[in-house]
Amino acid sequence: MASSTLRPLLAAKSCLKRVPAVSRPLARLVSTSVDGDRRLESLGDWADFQETRIGYKTLVDHFEEYGSTQNRDNTFQPHHSLHRPPAPTQTTLSSLIASGAHFGHSRALMNPNFVPYAYGVRAGITMIDLDHTLPLLRRAANLVRAVAAKQGSIVFVGTRPELRNVVRKAAERIGPQGFHVGERWLPGTLTNKVQFFGSAEALERKITPDLMILLNPLSNMNAIAECAIEHVPTIGIIDSNVDPRIVMYPIPANDESLRTAELIAGVLSIAGREGVALGAAAREEAERKQMKERISRQRVKERST
């Protein structure tokens with residue numbers, strides 16, 4: 001009885017195996033017209049090709065105003081935060097949310113001093129209030145711009161492996177005034193300069209930076225302590241498990257998100273590049289004024305003689 005019941009099923013299964021499956025490329029070729037692959041052998045073929053192309057362009061131009069104007073260049077892409085970061089004035093809350101800057105650590109790990117920057121708790125995770133993050137980020141950008149305008153040196157520190165490209169790109173964007181540390185911070189780099197660089201190098205060159213930006217400050221407490229001893233202002237990404245008082249200019253955000261680090265470092269580096277340009281323009285203007293004053297003095301002397 002059981003064998004008679006299974007025979008039809010086995011027969012149907014064997015029939016299904018014998019049916020050849022139509023491959024996806026074959027189906028695509030069946031539905032695709034071959035007119036596009038035809039060679040243009042005569043003037044008539046060329047005229048038909050041009051007519052078809054003009055008709056397609058006419059349709060596109062006619063319906064373009066009714067469609068979307070978004071494309072790859074004017075919409076957000078994941079790599080834009082690293083290669084094309086926005087300016088400080090163009091940074092928005094939506095860009096911070098898209099980068100995941102509002103995610104903190106577990107509620108049990110929240111530092112008591114971080115409470116003013118916390119929005120609330122969801123699913124046991126502390127949510128960072130980005131209404132505080134955005135103005136503090138713009139304040140830090142103003143500081144970076146001012147330091148760069150005065151020809152100050154700026155150091156980006158990110159010692160995690162995934163942050164090395166971030167700090168390198170940020171330092172390159174500023175130019176000769178930008179430096180980066182992507183490996184482990186060696187204790188005594190600032191407080192023991194003579195042993196690290198030699199007495200002649202420590203006296204001739206300025207080794208102490210004018211500003212330090214830390215993307216993972218909790219792992220670089222030695223650098224923060226040395227900056228405090230050498231009176232170097234510090235900017236740092238502060239997560240919910242970190243005391244905001246360890247740096248001079250805290251930016252409450254997710255310090256474990258690579259996209260958040262790319263966005264914040266990019267915004268600060270853009271501000272530094274603006275400061276370099278502003279400083280160069282101001283120095284050129286000052287030189288022009290000095291030249292005009294010298295010329296006027298020479299003319300006065302010539303008239304007096």
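This is a predicted model: local features need pLDDT of at least 70, side-chain atom pairs count only at pLDDT 80 or more; totals for chains, interfaces and linings use all residues.
## Two helices side by side

Let's start with helix H6, which covers residues 130–149, and helix H11, which covers residues 258–304. These two pack at an angle of about 35°, and their axes sit 7 Å apart. As for handedness, H6 passes H11 in a right-handed crossing.

Who does the touching? On the H6 side, the contact is made by Leu137, Ala140, Ala141, Val144, Arg145, Ala148 and Ala149. On the H11 side, the contact residues include Ile264, Val267, Leu268, Ala271 and Arg283, and Gly272, Gly275 and Gly279 are also among them. Sort the residues of this contact by type and you get 12 nonpolar, three polar and three charged.

## An open sheet

Next, look for the strands. Three of them form an open sheet, and if you read across it the order is E1-E3-E2. The pairing here is antiparallel. In general, strands of a sheet pair through backbone hydrogen bonds, either parallel or antiparallel.

Which strands are at the edges? They are E1 (103–106) and E2 (118–122), each of which pairs on one side only. Neighbouring strands in this sheet are turned by 30° against each other on average, with direction ignored.

E1 and E3 (residues 125–128) run antiparallel and are joined by two bridges.

To be called stacked, the planes would have to be under 30 degrees apart, and to be edge-to-face, over 60.

Both Trp46 and Phe49 belong to helix H3 (residues 43–63), where they are three residues apart, about one turn of the helix.

Phe196 and Phe197 make another pair. Their ring centres are 6.3 Å apart and their planes are at 40°, so this pair is tilted. Phe196 counts as partly exposed at 36% relative accessibility, and Phe197 is partly exposed with a relative accessible area of 38%.

Methods. Residues are numbered from 1 along each chain as its sequence is written. Side-chain values use heavy atoms; hydrogens and water are left out. Axes are lines fitted to C-alpha atoms, for helices over the stretch in contact, and angles run from 0 to 180 degrees between N-to-C directions. Helices (H or I, at least four residues) and strands (E, at least two) are DSSP runs, numbered from the N terminus. A crossing is left-handed if the near helix is turned anticlockwise from the far one by less than a right angle, and right-handed if clockwise. Contact means heavy atoms within 4.5 Å. Ala, Val, Leu, Ile, Met, Phe, Trp, Tyr, Cys and Pro count as nonpolar, Asp, Glu, Lys and Arg as charged, and the others, Gly among them, as polar. Two strands pair if DSSP finds at least two bridges between them. Rings of Phe, Tyr and Trp (its six-membered ring) pair if their centres lie within 6.5 Å; planes under 30 degrees apart count as stacked, over 60 as edge-to-face and the rest as tilted. Buried means under 20% relative accessible area, exposed over 50%, partly exposed in between (1.4 Å probe, protein chains only).
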